[in-house]
Amino acid sequence: PAPAPATPPKLGFAAVAKNKNDLVTVAEGYNVSILHALGDPLHYGDESWKDDGSETADSYNRRIGDGHDGMYYFGMSDTGTYQADRSDRGLLAVNHEYVVAPYVLHPAGRTAGAARNATEVEKEIYAHGVSIVEVKRANGTTGMVRGSSYNRRVTSATTMDFTGPARGHALLATKFNPAGQQTRGTNNNCANGYTPWGTYLTCEENYLNVISRAAGDDALRSAKEIAGLNRYGLPQNRKSPYLWETAGTADLFARWNSSVTGATSADDYRNTINTFGWVVEIDPFAPTSTPAKRTALGRFNHEGAWPAPAVVGQPIVIYMGDDSRNEYIYKFVSKALWDAADVGKGMAAGAKYLDEGTLYVARFNADGSGEWLELTYGKNGLDATNAAYPFADQGDVLVNARLAADKLGATKMDRPEWGAVHPTTREVYMTLTNNSNRVANTATPTGSQLKPDAANPRYYEDLKGTTSQKGNPNGHIIRWRENGTDVTKLNWDIYLFGAQADAASDVNLSGLTDVNDFSSPDGLYFDKRGMLWIQTDDGAYTDITNCMMLAAVPGKVGDGGVAVAAGGTSTIKGANATADTVRRFLVGPKECEITGITVTPDNKTLFFNVQHPGEDTTPDWAAGTFGSYWPANQADANVKKRPRSATVVITKKDGGDIGL
Ligand code: FEO
Ligand code: CA
Ligand code: CA
Ligand code: CA
């Protein structure tokens with residue numbers, strides 16, 4: 001039997017009303033402050049953000065990047081080592097996922113034209129990646145320590161190692177490193193993870209934003225190579241939206257062209273796409289350490305990497321999602337068993353636990369059971385006999401993990417976003433944000449369309465009375481419990497279904513009301529008390545409310561209705577949500593996504609990110625009008641500056657524990 005949950009915490013704040021204000025609206029009794037925003041300098045040699053895009057490209061190697069996303073707080077001791085229980089001093093690692101569409105980091109947006117402006121592209125390359133800053137608590141709130149020797153940027157140009165089974169593989173060979181042992185840059189870092197030894201995991205998701213492939217390239221490739229490229233969304237004659245490769249012939253730009261241009265892979269960047277889509281480990285306590293792409297965790301559109309609580313003498317277990325429509329949920333189980341003496345051992349501990357192990361992909365059965373299917377070369381038909389893609393070795397299986405998962409019959413999900421593992425019961429939750437490719441059970445699917453199944457059971461049309469939102473536009477949250485003795489078995493149910501409060505009862509299956517209705521769950525995080533935080537990135541409910549964060553006390557697997565038959569929405573229930581178990585904690589500013597969350601171990605400081613405020617509105621640069629003026633307007637609504645992604649600090653006015 002699963003361990004009983006610890007005494008669940010009680011939600012103790014008044015629910016925040018849905019709204020469309022250009023402001024972070026948090027529950028009564030809480031303070032909001034901004035930790036850092038796009039362009040803020042990490043050190044004293046660079047000027048403060050000037051609100052006119054005049055900062056140099058090079059200075060972004062020392063400034064906060066764009067598109068704040070996943071993050072983690074690491075407590076730090078007086079001597080600069082990892083101290084997991086410290087709340088008043090630490091290092092905050094933040095992902096900078098992408099350059100937000102209004103391009104406020106340039107003087108007047110993105111310069112138009114077939115070829116990109118080289119200065120703008122260079123700035124964008126440095127505005128991606130990860131920032132690490134020291135944070136300190138003083139006078140009741142927490143601020144960034146400008147000038148700290150721990151402050152660091154990792155960008156799309158930073159040198160990194162490949163480690164694990166695919167290190168040195170021919171599929172990773174580039175002109176930069178023909179041996180396939182190193183590459184440059186981490187890109188489109190969405191969500192994240194952390195390790196019990198005190199390192200950060202950053203996950204590469206939508207790297208197709210920056211990678212192009214030329215017309216006619218198929219003629220220069222083997223059928224096997226073409227199958228791999230197509231499965232990862234890079235057909236020939238495909239131009240990236242960012243067009244970085246058009247900015248010039250310098251290597252900094254040319255490398256984004258994943259086409260055959262030379263005689264061998266040592267002469268070109270035909271394998272650039274294979275160098276992205278990994279989980280990257282960074283040691284925040286060692287600012288000069290080289291980040292590592294840990295290939296044993298597989299290559300796909302990694303949303304994040306969420307560890308189960310480490311237990312001495314047991315393997316390290318990490319859950320992961322591939323965020324694309326109809327993609328899979330994975331887990332990695334280390335070969336090495338956890339030894340608490342490895343805390344603080346940085347990249348050496350990472351090599352020990354993350355470079356050898358077993359990768360699995362999930363199948364969810366209609367009766368509420370499930371299996372983890374092993375992605376190991378030579379097992380389950382993962383060898384040269386696989387017709388769709390003949391595998392050569394384990395490196396090939398990992399580089400093309402999606403093709404391996406296809407072979408095993410894993411369950412295609414409604415876009416797996418974040419996961420979270422309960423701190424005591426070890427039950428795993430994962431958001432399935434939405435899927436417009438589900439079709440009615442009575443329909444004949446075409447292309448990539450799928451009928452509902454037990455784990456992805458909804459097809460409906462949303463309330464707006466238009467035909468624009470079909471499929472599963474509001475998303476859901478699945479959860480599962482594992483059998484402690486057999487790592488290949490699980491039991492699952494559906495925790496919550498997103499829906500508008502006024503939706504029909506066969507759509508609003510969790511009984512959401514005005515205090516807790518939401519759409520498109522994305523960010524997810526368990527704090528140490530077992531309070532679950534749910535964040536939204538929505539396109540289906542933004543006519544009514546900006547994106548939001550809710551707090552929840554989720555119960556356990558089995559409280560929700562066990563899914564019965566595929567596609568019969570009226571027979572599928574989620575757990576019933578009440579105002580006592582799910583409650584809206586905050587609403588973000590206009591046209592933003594709420595994403596990224598970490599709480600100090602004393603539960604008194606909560607950090608979250610506002611990503612892309614004002615993204616949907618084309619600015620009028622001459623008039624200075626934008627879709628949002630956040631965060632400059634948070635303290636004074638009359639202050640109007642360019643909108644910027646930012647990290648927000650939440651504390652309770654009475655100094656108490658967040659959420660209670
Ligand atoms: Fe970057 Fe899947 O969100
Ligand atoms: Ca996300
Ligand atoms: Ca999302
Ligand atoms: Ca987004």
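Modeller: Strand S5 and strand S7 (residues 152-154) run antiparallel and are joined by three bridges. Strands here are DSSP runs of E with at least two residues, helices are runs of H or I with at least four, and both are numbered from the N terminus. Two strands count as paired if DSSP finds at least two bridges between them. This is a predicted model, in which local features need pLDDT of at least 70 and side-chain atom pairs count only at pLDDT 80 or more, while totals for chains, interfaces and linings use all residues. Residues are numbered from 1 along each chain as its sequence is written, and chains are lettered from A and ligands numbered from 1 in the order in which they are written.

In S7, Val154 is the bridge partner of Val130. S5 spans residues 129-138, and seven of its ten residues are buried. A residue is buried if 20 or more other C-beta atoms lie within 10 Å of its own, exposed if 12 or fewer do, and partly exposed in between, with C-beta atoms placed from the backbone.

S5 also pairs with strand S4 (residues 89-96), in the antiparallel sense and over eight bridges; there, Val94 has Ser131 as its bridge partner in S5. The hairpin of S5 and S6 has two residues between the strands, and in it Asn139 takes a positive phi near 55°.

Ala93 leads from this part to the core. Leaving out residues up to four places away in sequence, Ala93 touches Met71, Tyr72, Val130, Ile132, Tyr200, Ile282 and Pro284. A contact requires C-beta atoms, placed from the backbone, within 7 Å of each other. The largest nonpolar core has 175 residues, and Ala93, Phe607 and Val648 are those with the most contacts inside it. Strand S26 (residues 489-497) supplies the largest share of this core, six residues. A nonpolar core is a set of buried Ala, Val, Leu, Ile, Met, Phe, Trp, Tyr and Cys residues joined through C-beta atoms within 7 Å. In soluble globular proteins, nonpolar side chains tend to be buried together.

Lys293 belongs to strand S13 (residues 292-294). Apart from neighbours within four places in sequence, Lys293 is in contact with Met160, Asp161, Phe162, Thr163, Trp278 and Val280. Its C-alpha atom is separated by 8.7 Å from that of Thr275, 18 residues apart along the chain.

S13 is also part of what covers the buried residues of helix H4, together with strand S12 (279-282), S15 and strand S17 (329-337) among others. In H4 (residues 346-354), the buried residues are Gly346, Met347, Ala349, Gly350, Tyr353 and Leu354. Seen down the axis, these fall within an arc of 155°, so they line one face of the helix; the arc is that of the directions from the helix axis to the C-beta atoms.

S15 (315-322) comes up again at helix H6, where the buried residues pack against S15, helix H2 (223-231), strand S18 (357-364) and helix H5 (394-399). Six of the eight residues of H6 (residues 401-408) are buried, including Arg402 and Lys407. Gly409 follows H6 and has a positive phi, near 75°.

Key
Contact = placed C-beta atoms within 7 Å.
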